[in-house]
Amino acid sequence: MTTFTELLLGGLSMGSVYALIALGFVVIFKATEVVNFAHASLLLAGGYVTAVLHDDLGFWPALAVGIAGAAVVGSAVDFLVMRRYRGSDHSVLAIVTIGVDILLTTELTRLIGTDVMALGDPWGDRVVNLGEITIAQTRIAAFAAAALLITAFLLAFRYTSWGVAMRAAAENPQTAALMGVRLGRVSMSAWAVAGALAAVAALFLTVFPTPGLERATSLAALKAFPAAILGGLDSTTGALAGGLIVGVTESFATGYQSELTFLGGGIGDLAPYLVMLLVLLARPAGLFGTKELARV
Amino acid sequence: MSDTSRPGPVTPAPDAPAGQAADSGTAGPSVPESAASKPSAPAAVPDAHAADTDTEPAASATPAEPSAAEPPEPPTAVRPTWLRARPRPRAYAWVALSLLLLALPFYLDRFWLQAGLFAMAAAIGAIGLNLLTGATGQLSMGHAFFLAVGAYGYCVLAGGNEVESGHQLTGFGLPTWLAAVLAVCLAGLAGGVFSPIAGRLRGAYLGIATLALIFVGQHVLFNARDLTGGFNGRSVPPLSLFGFDFDDAELVVAAVPFQSMEKLWYVALVALLACGLFARGVLRGRPGRAMNALRDHRIAAGVMGVPVARYRAAVFVLSSMYAGLAGVLLALVFQRTVPEYFGMILSLEYLAMIVIGGLGTVAGAVVGAVFVSLLPQVLTRWSDALPLVSAPGTGGVSPGEASRYLYGAAVVAVVLFLPGGLTRLVPSSREKK
Amino acid sequence: MKSRTYAAVLAVLALTVTAGCSSKAASGDGDTKGAGGVKTGKGVSDKTITLGVLTDMTGVYASLGKSVTQAQQLWAKQTNAAGGICDRKIELTVRDHGYDPQKAVAGYTELEPKVLGFAQFIGSPFVAAVEQRIDGQNKGLVLPQAWSASLLGSPYIRVIGATYDIETINAVDYLLAEKRIAKGDKIGHVFFEGDYGENALAGSRYAAKQAGLTVVEQKIKPTDNDMSAQVAALKKAGVKAILLSAGPRQAASLVGVAAAGGFNVPVIGNNSAFAPQLLATPAGPALAKDFYIAASTLPIGAPDAGPAKLAKEYKAAYPKDGLDNGVVAGYTAASVFGEALKKACDSKDLTREGVDKALLTLNKYESDFGITHDFSDPAAPSTRKSLIMKPDKSVPGGLKVVRPATAAKAADSYKPSAG
């Protein structure tokens with residue numbers, strides 16, 4: 001039972017981090033209908049800036065600069081690349097983001113080289129004991145930060161004029177533009193928000209139970225893809241639910257892998273994708289995604 | 001699909017395919033168009049005339065047999081055009097190119113032949129992906145999975161029950177040519193099995209769902225050790241065709257020793273040519289237009305009578321078969337299949353190929369495949385002579401990184417500044433219309 | 001039309017004729033007598049001996065590849081400064097494959113005709129991929145930078161040091177000797193899927209059987225960086241010690257998580273499970289406490305003459321780069337190749353066959369790094385001894401020896417399943 005609770009808590013905490021990444025992914029998709037495969041490199045960029053600066057600036061300022069940095073990289077990608085595309089095929093744009101990802105990741109991994117960089121976070125390797133259950137402080141911080149950011153985001157999405165503009169653009173870009181919503185600004189801010197969220201996620205992906213930021217950190221962003229899809233690409237609630245499902249699934253599949261040997265060892269990485277495929281079979285638009293009404 | 005073993009539509013004259021390719025590209029829009037669509041009308045699109053909007057609910061669609069797609073233009077239909085056309089510079093260029101390709105094994109060393117073979121195999125795979133992603137607009141990130149099915153399928157079907165690295169492997173010991181054909185079919189079957197998912201998902205959903213295939217595939221490759229050999233992979237039995245072995249035994253042709261690479265070169269050329277012509281036939285004929293309609297406006301295509309679900313499933317199967325054939329060729333060139341190779345990076349490379357070369361065309365896939373496969377080899381080989389690129393171990397940008405920068409930038413630049421891909425750099429008279 | 005066909009036929013004819021003039025025709029790469037009456041073949045001229053290096057500097061093993069390659073370049077420089085071998089200069093041709101099978105195979109194909117042998121080849125799946133060609137036609141000596149037992153058995157591909165299975169047996173033996181575990185206990189084994197982990201697992205299973213232990217297996221992927229779930233599972237199983245056949249990142253996470261959760265058991269890893277960079281991460285203190293490493297060379301920070309000299313020279317040559325055990329491993333491999341070259345030179349045969357034969361005569365090669373190697377049997381590892389080390393922040397390279405080279409009884413009786 002202790003193991004079960006520990007795995008559940010660990011999974012929920014990782015899941016909330018995945019939800020942060022998935023949320024950024026969904027925001028970009030809602031605003032521009034583009035699937036952003038460059039998300040992994042935004043995450044790496046944010047983490048790298050924080051890791052480089054924390055010695056000189058201290059942790060919190062470095063984190064702030066890291067978040068801002070990733071937001072700038074995100075909006076720069078939108079401004080310099082995405083907006084120059086004249087065609088209308090969104091899957092072509094998705095492939096462009098793959099090109100952007102290759103460029104950014106190559107540069108960042110070259111900068112990181114063979115280092116394992118600490119981010120200088122204040123939690124260190126301290127843990128909290130609740131009865132028999134042990135949980136790392138970083139995990140609690142991750143959960144709290146993610147909950148806070150997601151709530152703030154959803155409130156902003158609902159009540160601010162930026163949120164209204166974003167939703168209008170998602171609903172119907174032409175109409176929104178006619179009503180005075182500046183689409184360019186909407187898409188740029190979406191990319192910036194996604195970058196910022198990814199930078200926060202990068203922090204929690206590289207602190208204590210993991211050794212630090214290194215070249216393979218960006219691979220963790222791959223887990224946000226199934227999270228975003230199984231929740232529904234155009235649903236912020238879906239990103240949240242998807243992230244938690246992926247985190248918990250992964251945690252259980254790894255923790256109980258000795259009971260799951262018939263599937264072959266090391267099933268943890270695969271489990272989120274299998275869950276995603278099952279969900280897609282039943283609901284092709286994900287759990288909370290908008291179903292397409294046209295049938296031919 | 002057995003294009004490899006079948007001589008295909010190519011006529012015996014050595015320059016026929018080249019001339020044919022060139023002429024139908026240059027002789028004005030009307031003639032090849034009609035020639036191409038003529039044979040397809042009755043066979044290929046059975047309910048094309050059924051214009052009801054609600055004929056095919058997505059779930060009930062069954063994958064169409066790939067053989068339902070019509071063969072490429074039979075040479076007889078093209079021949080009159082062929083004869084009428086006056087020789088043009090383009091035709092000569094094609095003849096020169098094909099002669100060059102035929103001659104290369106006599107001059108190049110093993111390294112370049114191997115690089116060329118990688119490029120040709122990649123070209124076949126990229127043609128398949130271009131049919132799916134470029135022409136039909138179905139984003140697939142799981143192409144590497146189907147390559148793996150082809151490569152490992154061939155090894156398992158052709159290999160024997162042998163002990164490798166202290167591990168007992170299962171194999172069927174079939175004749176290698178049959179194993180190659182069956183491996184391609186197996187890849188098609190894998191595509192068909194996935195079609196309940198592929199048929200209902202679109203765009204990003206499909207892209208990421210196919211990403212799952214990569215993870216599933218690698219998991220199986222690492223764990224099903226009886227079949228795949230696990231982490232160290234499986235050795236690939238050399239191809240044997242009509243009693244002729246494509247192995248490393250030396251065969252002297254015109255005083256040049258022929259080993260596996262030289263021999264396989266011609267197999268790959270024939271396969272690539274057949275695959276290219278077949279895909280061109282599909283694209284230029286009725287199915288191609290239906291596919292483009294699906295990409296540009298799915299609902300409109302359905303309204304106009306294209307059986308949407310069936311078409312999407314059929315293209316998925318066809319594309320998987322192309323990937324399977326590419327996988328078989330790659331396995332033959334590698335001489336050993338290793339699971340690491342069939343990862344996500346490989347899928348991304350194929351997407352980069354079709355974008356760089358040009359979406360939706362055969363030539364685009366081939367150009368892109370050559371570009372992406374040869375770039376790292378060229379940069380590595382001449383790293384010391386290039387500015388900004390330094391030899392490994394000396395710091396600075398290594399050739400591997402340089403080639404990633406270049407093709408990453410190429411993907412972005414091509415989409416932004418050269419819509420249509422590198423093939424658009426060569427103007428063709430077709431575009432005038 | 002007709003004239004075109006004729007032209008084509010003529011061209012093809014011309015082609016077959018001129019093919020005879022191709023440089024590939026009648027390739028004269030037979031062995032020849034070179035300077036000093038020494039028989040030479042591929043990769044050896046009168047002035048130089050060219051060796052290939054297939055490494056990974058931009059992929060998953062970048063940190064290992066960089067150290068190994070630079071150490072080998074240092075070795076070549078030193079050897080040349082001392083007059084070279086057989087009156088010839090050593091030249092290393094380096095190709096970085098970034099752990100990509102296609103580039104690795106292409107790199108091998110490119111270098112093979114130009115080099116005498118390979119002083120380094122990272123990535124055992126890739127070595128396996130070209131094994132047929134090495135054994136069948138090329139027959140050049142290849143020293144892989146991997147320690148999997150599946151590489152044993154070929155007379156041309158020679159592993160330097162104990163294989164992972166033997167290393168793991170020695171690791172278990174250390175825990176037994178230190179009375180950290182006893183008969184009837186459970187031990188955990190966290191291992192990578194693939195060659196490295198599964199070979200090590202064969203060792204731990206064997207050692208456990210011999211000592212009456214039970215192994216609790218936890219398979220992970222190289223991309224897993226958070227070991228919380230594994231630690232939770234091992235804790236639940238009640239293991240008394242953990243074996244780790246993974247990378248440095250997994251070591252840091254595993255040890256850190258276990259220590260933080262009050263799960264105080266010794267953790268012992270294979271030689272690839274440690275990197276000095278880890279000591280600067282939050283897991284550093286935990287690593288210094290109860291974590292061990294088994295390996296077949298002295299650590300670079302050891303006070304013995306060999307490592308101390310190498311550390312000094314390496315630091316002088318590459319002041320910006322850290323010292324780690326890759327440096328020792330690379331230098332050792334290059335020295336072994338050099339030793340074989342010297343022997344081959346003595347018998348006036350610098351062909352590939354000559355070098356292969358020379359290596360087989362090295363049955364008591366005293367490396368400067370604490371282990372004596374025996375290369376006379378291709379089917380056996382060159383040693384069955386391992387040193388046990390412990391992280392220590394104060395020495396360069398971050399490791400100090402806690403038990404000198406020893407072969408466990410179980411390691412002597414163990415038969416590696418060679419490929």
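Two residues are taken to be in contact if their C-beta atoms, placed from the backbone, lie within 7 Å. The structure is a predicted model, in which local features need pLDDT of at least 70 and side-chain atom pairs count only at pLDDT 80 or more, while totals for chains, interfaces and linings use all residues. Residues are numbered from 1 along each chain as its sequence is written, and chains are lettered from A and ligands numbered from 1 in the order in which they are written.

In chain B, 79% of the contacts with a separation of 6 or more are made by residues 24 or more positions apart. The secondary structure of chain B comprises 17 helices and 8 strands (DSSP runs numbered from the N terminus, helices being H or I of at least four residues and strands E of at least two). Of the 433 residues in chain B, 59% are buried, a residue being buried if 20 or more other C-beta atoms lie within 10 Å of its own.

Leaving aside neighbours within four places in sequence, I124(B) is in contact with residues including A271(B), C275(B), Y322(B) and L329(B).

Chain C is assigned domain 1 (35–162 + 303–373) and domain 2 (164–295 + 385–413), with bounds from an automatic or database domain assignment. The centres of these domains of chain C, taken over C-alpha atoms, are separated by 29 Å.

Key
Buried ≥ 20, exposed ≤ 12 C-beta atoms within 10 Å, placed from the backbone.
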